[in-house]
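This report goes through one protein model, part by part. Please look at the sequence and the 3D structure before reading on.

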Amino acid sequence: MSHERFERPTRFTAGADSFGGVFAPETLMDNLFALETAWIAAGEDESFNSELTRLLETYAGRPTPTYHARRLSEAWGVDLWLKREDLLHTGAHKLNNTLGQCLLARSMGKKRILAETGAGQHGVASATAAALLGLECVVYMGALDAARQAPNVERMRLLGAGVRIVEHGQRTLKDAINEALRAWVTDTEAHYVLGSALGPHPFPSIVAGYQEIIGHEARAQFLTAHGGLPDLAVACVGGGSNAIGLFRGFVDDAGVELVGVEAGGVGTEEGQHAARFKGGRPGVLHGCLSYLLQDEDGQVQATRSISAGLDYPSVGPEHAALRAAGRARYESATDEEALAGFKDLAAREGILAALESSHALGWVRREREALAGRSVLVNLSGRGDKDMATILEVLAPEQDGEGS
Ligand SMILES: *Cc1c(COP(=O)(O)O)cnc(C)c1O
């Protein structure tokens with residue numbers, strides 16, 4: 001899918017097939033336009049692209065493997081394959097995007113990057129890329145999130161980043177994004193590194209463009225190992241960057257079903273989940289039109305998920321477009337189903353997955369009878385070390401005495 005689709009500002013029309021757009025204040029337009037110009041130029045610049053490839057291969061650890069999970073396949077009756085983004089430096093796919101955008105910032109002559117973070121994963125990946133490329137780094141983080149994710153705050157500081165704690169609103173990710181966008185307006189020496197495939201154009205296209213390496217690698221690796229294409233490609237969907245990265249590799253292969261898995265949380269009522277395609281309708285948040293969890297007056301609803309990375313009220317516009325076109329479908333997995341997927345993967349394959357990625361596994365596990373014998377490629381977007389405290393809190397009591 002080309003980026004042109006999202007170039008034009010779109011009207012707020014429920015149901016219109018024109019997701020994305022630039023719903024931004026005038027003060028931000030110059031920045032966005034300059035960014036788009038630089039991004040298009042960088043894409044055509046051979047030295048930029050070879051430098052990015054060099055860093056991805058020699059620093060970040062690309063290509064990541066595509067792994068045939070034989071023991072779990074046997075247990076579930078599904079032919080299961082995993083794209084191992086958990087093995088990328090810093091433990092998740094996010095570094096693909098921050099390396100790309102920090103190189104872009106440097107090509108624009110910027111001295112500093114601004115970033116927002118919820119759970120801290122994008123903050124750490126931004127601080128990492130900034131340290132590597134000699135850029136100053138300022139990360140905005142809601143006070144509530146900073147308290148919940150203290151180790152990641154320490155990691156960012158050790159990597160040399162300044163962490164700005166946001167004390168207003170709900171004091172979470174949404175408020176951190178607002179604050180970072182505000183700071184970007186007045187700071188001409190800064191580039192704003194958005195962490196997922198959302199926000200005003202050109203951000204959704206930029207982030208998807210730096211993540212699509214996941215899908216292109218996975219397609220080639222799967223073809224070599226298996227001899228054909230997978231029946232399904234499955235990924236968890238927060239803002240949607242790891243999923244769109246995987247999907248772009250297969251979007252032209254009509255025989256490959258694309259399935260995005262959202263956070264089903266603890267229930268279907270308002271405030272209990274982050275399943276935007278189930279409970280939401282088109283609306284604008286953070287500069288783009290997409291599916292949004294909102295009340296009748298358009299006020300943004302609260303969300304809930306065991307996994308911080310999926311806990312966001314809107315979703316990247318390219319997913320809304322793929323769904324409208326009938327090319328991808330969006331399902332959800334509850335906290336409990338994600339934990340069941342996490343446990344099975346750990347016990348059968350010796351891999352501790354991130355809670356986000358565990359939602360994709362949890363959906364496959366729940367649907368295993370319907371999927372019997374089919375080949376399923378899951379994007380394992382990250383590793384679970386960051387989630388140990390959360391997981392132990394839930395699983396420790398029930399694991400006592402299981403011991404076999
Ligand atoms: C941040 C994160 C996600 C969710 O973000 P997307 O943009 O939807 O990919 C998923 N998995 C992991 C491991 C993450 O860190």
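Leaving aside its neighbours within four places in sequence, which residues is histidine 286 in contact with?

## Basis of the report

The model is predicted, so local features need pLDDT of at least 70 and side-chain atom pairs count only at pLDDT 80 or more, while totals for chains, interfaces and linings use all residues. Residues are numbered from 1 along each chain as its sequence is written, and side-chain values use heavy atoms, with hydrogens and water left out.

Helices (H or I, at least four residues) and strands (E, at least two) are DSSP runs, numbered from the N terminus.

## Histidine 286

Histidine 286 is in contact (heavy atoms within 4.5 Å) with Lys174, Ile177, Asn178, Gly199, Pro200 and Tyr312, neighbours within four places in sequence being left aside. The loop that holds histidine 286 runs between strand S9 (281–285) and S10.

Histidine 286 has 10% relative accessibility and therefore counts as buried. Buried means under 20% relative accessible area, exposed over 50%, and partly exposed in between, with a 1.4 Å probe and protein chains only. Between the C-alpha atoms of histidine 286 and leucine 198 there are 7.9 Å, although the two are 88 residues apart along the chain.

Two strands pair if DSSP finds at least two bridges between them.

Strand S3 (residues 112–117) and strand S4 (residues 136–142) run parallel and are joined by six bridges.

Two packed helices are described by the angle between their axes and the distance between the axes. Axes are lines fitted to C-alpha atoms, for helices over the stretch in contact, and angles run from 0 to 180 degrees between N-to-C directions.

For helix H10 (residues 213–226) and helix H11 (residues 241–248), the axes come within 6 Å and cross at roughly 45 degrees. In H10, Ile214, Gly215, His216 and Ala218 meet Asn242, Gly245, Leu246 and Arg248 of H11.

For helix H4 (residues 94–107) and H9, the axes come within 8 Å and the crossing is at roughly 115 degrees. On the H4 side, Lys94, Asn96, Asn97, Gly100, Gln101 and Leu104 meet Phe203, Ile206, Val207, Tyr210 and Gln211 of H9.

## Helix H13 and strand S11

Helix H13 (residues 317–324) is mostly covered, with six of its eight residues buried. These are Pro317, Glu318, His319, Ala320, Ala321 and Leu322. The buried residues of H13 pack against helix H9 (203–211), H11, helix H12 (276–279), strand S10 (288–292) and S11. After H13 comes glycine 326, with a positive phi near 75 degrees.

Strand S11 (residues 328–334) is also mostly covered: five of its seven residues are buried. S11 pairs with strand S8 (residues 257–265) in the parallel sense, over seven bridges. Alanine 328 in S11 stands opposite leucine 258.
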